[in-house]
Amino acid sequence: MPRSIWKGAVSFGLVTIPVKVYGATEEKDISFRQVHASDGGRIRYKRVCEVCGEEVPFAEIAKGYEAADGRVAILEADDFADLPAASGKTVDVVQFVDVEEIDPTYFDRTYFLEAEKTGAKPYILLRQALAETGKAAVVKVALRSRETLALIRPVGDVLRMHTMIWPDELRDSDFAAPTEDVKVNDAELGMARMFIEQLSGEFDPSQFTDTYREALEQVISAKLDGVALPASTEEAPREAQVVDLVAALRASVDAAKARRKEAAAS
């Protein structure tokens, strides 16, 4: 069982729910160490001041902010003392919303909320009330000394909390939009819809795997065991071509139909 990263209480109205917070996800990426290629020795780094050239112990390292004009402001512990506290242990519900109203781009990390023994009944009450009304709770919470917005919603028997970025942390996307003078015709749109219909289905995340990580694990295993590396099955990249969109989509639809037939027959 994972360790809780935070203990506190969810407060809505006069009802308080003591909870523990657990990370809902874990990174599965393979991490590497930097080593000396000739003998495998691990590479170590030193903290060296670029002004005096001396190695600086961690206790003497301060927080500095460099302005656009090159000036540096060095902040000390006292400079943070009068800032709004971000260490509270209460999750305050500020609003109830429909989940569909929240752009998924705002979601950052996901956590599980576990009720303490004394909070089981109000936990179930909030979970069931949210499920029956189709609502989610917008809250403010302080995690790791930083205040953040979050969304609490019921998923099965558990309340999940999704931390969210602040609105000013979302970049303007206008630069990425194609120019307005590009148009698509009815035939192209019709084939695109047909292709979408062929690949439509219920989302089952268990059907997807990280093929890159699996292949990398095979390479690492072969290296550790001193055996031949697995043969590469990667296809050579195709050159980009200007094609007829309708013809390309028609071929895509035919290929999707064929894959569905094969899957149904197996």
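Mentor: Partly exposed means a relative accessible area between the buried limit, under 20%, and the exposed limit, over 50%. Leucine 75 has 31%, so this residue is partly exposed. Keep in mind that this is a predicted model.

Trainee: In which strand does leucine 75 lie?

Mentor: Leucine 75 lies in strand S4, residues 72–75. Leu75 also belongs to a nonpolar surface patch with Tyr65, Phe80 and Leu83. Together these residues have about 400 Å² of accessible area.

Trainee: Now the inside. How many residues does the largest nonpolar core have?

Mentor: The count is 21. Val10, Leu113, Ile152 and Met161 have the most contacts inside this core. Several elements give two or more residues to it, among them strand S1 (6–12), helix H2 (120–133) and strand S9 (158–164). Strand S7 gives the largest share, four residues.

Trainee: What is valine 10 in contact with, beyond its neighbours within four places in sequence?

Mentor: The list includes Val15, Val91, Leu113, Leu126 and Ile152. There is also a second, separate core of seven residues. Ile102, Leu149, Leu151 and Met164 are among them.

Trainee: Is leucine 151 buried or exposed?

Mentor: Buried, because its relative accessibility is 0%. Leucine 151 lies in strand S8. Valine 138 is 13 residues away in sequence, yet the two C-alpha atoms are 4.7 Å apart in space. Val138 is also one of the contacts of leucine 151, along with others including Phe107 and Met161.

Trainee: Next, charges. How should I read a salt bridge?

Mentor: Side chains of opposite charge can pair when their charged atoms come close. In this structure a search finds five salt bridges. One of them joins lysine 135 and aspartate 98, with the closest N and O atoms 3.1 Å apart. This pair links distant parts of the chain: lysine 135 is in strand S7, aspartate 98 in strand S5, 37 residues apart.

Trainee: How many aromatic pairs does the structure hold?

Mentor: One. The ring centres of phenylalanine 203 and phenylalanine 208 are 6.0 Å apart, and their planes are at 25°, so the pair is stacked.

Conventions: Residues are numbered from 1 along each chain as its sequence is written. This is a predicted model: local features need pLDDT of at least 70, side-chain atom pairs count only at pLDDT 80 or more; totals for chains, interfaces and linings use all residues. Side-chain values use heavy atoms; hydrogens and water are left out. Patches are made of residues with over 30% relative accessible area and no salt bridge: like charges are joined within 9 Å, nonpolar side chains (Val, Leu, Ile, Met, Phe, Trp, Tyr) within 5 Å. Accessible areas come from the Shrake-Rupley method with a 1.4 Å probe; for residues, only the protein chains shown count as cover. A salt bridge is a side-chain nitrogen of Lys or Arg within 4 Å of a carboxyl oxygen of Asp or Glu. Buried means under 20% relative accessible area, exposed over 50%, partly exposed in between (1.4 Å probe, protein chains only). A nonpolar core is a set of buried Ala, Val, Leu, Ile, Met, Phe, Trp, Tyr and Cys residues joined through side-chain atoms within 4.5 Å. Contact means heavy atoms within 4.5 Å. Rings of Phe, Tyr and Trp (its six-membered ring) pair if their centres lie within 6.5 Å; planes under 30 degrees apart count as stacked, over 60 as edge-to-face and the rest as tilted.
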